[in-house]
Amino acid sequence: MLHGAAMIEIGAQAAAVHASLHALDAAHTGLVLALGDVVIARDVVESAGRVEAMAERIAGDDAGARYRFEVVDGDGVIVSGELLLSMRRRDG
């Protein structure tokens with residue numbers, strides 16, 4: 001059992017994975033700078049089934065990107081929103 005707001009992290013991770021695959025050609029660190037238009041559809045998630053996270057890049061470059069995300073399970077949308085993700089190259 002999780003609070004619906006905890007699923008924001010799952011959406012952010014989906015965006016970070018996508019950004020990692022399409023961003024810098026080197027080791028980097030991602031940081032969520034801002035959240036917007038977040039809708040928590042359920043206060044508590046008691047799903048024993050599959051939970052899916054989707055992230056769509058709205059805009060961005062090598063320094064960061066804006067994403068729309070959604071986390072769902074068999075009962076529908078758990079949380080959705082937008083986030084601004086910063087990507088910084090790691091030296092070394």
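D37 lies in strand β2, which spans residues 28–40. Strands (E, at least two residues) and helices (H or I, at least four) are DSSP runs numbered from the N terminus. D37 has a positive phi of about 50 degrees, although it is not a glycine. With a relative accessible area of 57%, D37 is exposed. Here exposed means over 50% relative accessible area, buried means under 20%, and partly exposed covers the range in between, with a 1.4 Å probe and protein chains only.

The model is predicted: local features need pLDDT of at least 70, side-chain atom pairs count only at pLDDT 80 or more, and totals for chains, interfaces and linings use all residues. Residues are numbered from 1 along each chain as its sequence is written, and side-chain values use heavy atoms, with hydrogens and water left out.

The chain has one helix and six strands. Along the sequence they follow the pattern β-α-β-β-β-β-β. The C-alpha atoms fill a box of roughly 40 × 25 × 15 Å, taken along the principal axes. Of the 92 residues, 32% count as buried. Among contacts with a separation of 6 or more, 64% come from residues 24 or more positions apart. A contact is defined by heavy atoms within 4.5 Å.

Four strands form an open sheet in the order β2-β6-β5-β4, with antiparallel pairing. β2 and β4 stand at the edges with a single partner strand each, so one side of each is left without a neighbour in the sheet. Neighbouring strands of this sheet are turned against each other by 25 degrees on average, direction ignored. Strands count as paired if DSSP finds at least two bridges between them. Ten bridges join β2 to β6. Within this pair, A34 has L84 in β6 as its bridge partner. Nine bridges join β4 to β5, which also run antiparallel. G60 stands opposite A65 in β5. β4 and β5 form a hairpin, with two residues between them.

The helix, α1, has 16 residues. From its first C-alpha to its last it reaches 23 Å, close to the 22 Å expected at 1.5 Å a residue. The expected span is 1.5 Å times one less than the number of residues. The buried residues of α1 are M7, I8, G11, A12, A14, A15 and A19. Seen down the helix axis, these buried residues fall within an arc of 155 degrees, so they line one face of α1. The arc is that of the directions from the helix axis to the C-beta atoms. The cover over the buried residues of α1 includes β1 (2–3), β2, β3 (44–45), β4 (52–61), β5 and β6. α1 lies across β2, β4, β5 and β6, and runs at about 45 degrees to β6. Axes are lines fitted to C-alpha atoms, for helices over the stretch in contact, and angles run from 0 to 180 degrees between N-to-C directions.

The largest nonpolar core has 15 residues. Such a core is a set of buried Ala, Val, Leu, Ile, Met, Phe, Trp, Tyr and Cys residues joined through side-chain atoms within 4.5 Å. M7, Y67, V79, L83 and L85 have the most contacts inside this core. α1 (7–22), β5 (64–73) and β6 (76–89) each supply at least two of its residues. Beyond its neighbours within four places in sequence, L83 is in contact with G11, A12, A15, V32, A34, L35, A65, R66, Y67 and F69.

S86 lies in β6. At 11% relative accessibility, S86 counts as buried. With neighbours within four places in sequence left aside, its contacts are T29, G30, L31, L33, A63 and G64.

M1 lies in the segment before β1. At 77% relative accessibility, M1 counts as exposed. Not counting residues up to four places away in sequence, M1 touches V44, V45 and E46. M1 and A48 are 47 residues apart in sequence, and their C-alpha atoms are 8.8 Å apart in space. A6 lies in the loop between β1 and α1. A6 is partly exposed, with a relative accessible area of 36%. A6 and D43 are 37 residues apart along the chain, with their C-alpha atoms separated by 9.7 Å.
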